[in-house]
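Some notes on the model follow, for a colleague who will work with the coordinates.

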Amino acid sequence: MSAPLITVQQAYKSFGTVRVLEAVDLTIKAHSIVGLVGPSGSGKSTLLRCIQGLDTLDAGGVTCRGKVGFMFQDFQLFPHMTVLQNILYAPRLKEKGAALEQRAQKVLEQLKISAKSSVFPMHLSGGQKQRVALARCLMGQPDILLCDEPTSGLDIVTTTEVVSLLQSVCALGVTMVLASHDLEFLAQIATRVVFLKEGHVVADEEPCDTSSLKERYTTIFSHKE
Ligand SMILES: Nc1ncnc2c1ncn2[C@@H]1O[C@H](COP(=O)(O)OP(=O)(O)O)[C@@H](O)[C@H]1O
Ligand SMILES: [Mg+2]
């Protein structure tokens, strides 16, 4: 048995008087795709941010074995840069040369967005922007990718695309944690679903299909999705 890639131990986090994470324990194995579900405000984004180190815990700890990438909900592409410039910007701060550009082209091809490499973000659809955001993450060669609400703001056709897109990233050997309220999406992609309720992990199971996942959600959170 290899050691887990991500270990969260007794994590606590509050914002003022609002307790957002409470005694959260979580271990994530390599090559898994873990869904993080719960109603709005249940602490999904906060947990991802603390795993990434964008935010600090009040108590407890997070250990990640490997590089962590983060795909933001609103993509946060640089509007004044082309697709290629967007994905080259951060790695160029550390590395120069033609090899980097070749790697960028390869990543754009892998994510089927190379035709847009000289286009500015304003001319891309939501799904295309997401491919670019993902390409930018992959340029950092992460072992772990954290995605916050990867299907929000995308239509249903695009959701199916996101499933195959993220599966192709998983096939590259990247372990993923996906915070999402989209149970249909998670039922298609997640190998495991962790339920967060008021900052606690209240269930942790393998999803079967959309309807049973929705049923579990309703039972756990006692309201309809
Ligand atoms: N930077 C922050 N400052 C103050 N409160 C915050 C901050 N970030 C999140 N919160 C609060 O923490 C709770 C959990 O938020 P969040 O992690 O975004 O939940 P989710 O992603 O599940 O919707 C919410 O009550 C939210 O208002
Ligand atoms: Mg959130």
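1. Two residues are taken to be in contact if their C-beta atoms, placed from the backbone, lie within 7 Å. The model is predicted. On that contact criterion, helix α2 brings L84, I87, L88, P91 and R92 to its meeting with helix α3, and α3 answers with L100, E101, A104 and V107. Sorted by class, this contact holds seven nonpolar residues and two charged ones, with no polar residue.

2. How do the axes of α2 and α3 cross? Helix α2 covers residues 83-92 and helix α3 covers residues 98-110; their axes come within 10 Å and cross at roughly 135°. Angles over 145 degrees would count as roughly antiparallel, and those from 65 to 115 as roughly perpendicular, so α2 is oblique to α3. The crossing of the two helices is right-handed.

3. The protein is split into two domains: domain 1 is made up of 1-67, 143-153 and 173-225, while domain 2 is 70-141. Their centres, taken over C-alpha atoms, are separated by 26 Å. In the contact, domain 1 supplies 10 residues and domain 2 supplies eight.

4. Which strand gives the most to the side of domain 1 that touches domain 2? That is strand β6, residues 144-148, with four residues. By class, the residues on this side of domain 1 are four nonpolar, three polar and three charged.

Notes: Residues are numbered from 1 along each chain as its sequence is written. Chains are lettered from A and ligands numbered from 1 in the order in which they are written. This is a predicted model: local features need pLDDT of at least 70, side-chain atom pairs count only at pLDDT 80 or more; totals for chains, interfaces and linings use all residues. Axes are lines fitted to C-alpha atoms, for helices over the stretch in contact, and angles run from 0 to 180 degrees between N-to-C directions. Angles under 35 degrees count as roughly parallel, over 145 as roughly antiparallel, 65 to 115 as roughly perpendicular and the rest as oblique. A crossing is left-handed if the near helix is turned anticlockwise from the far one by less than a right angle, and right-handed if clockwise. Ala, Val, Leu, Ile, Met, Phe, Trp, Tyr, Cys and Pro count as nonpolar, Asp, Glu, Lys and Arg as charged, and the others, Gly among them, as polar. Domain bounds come from an automatic or database domain assignment.
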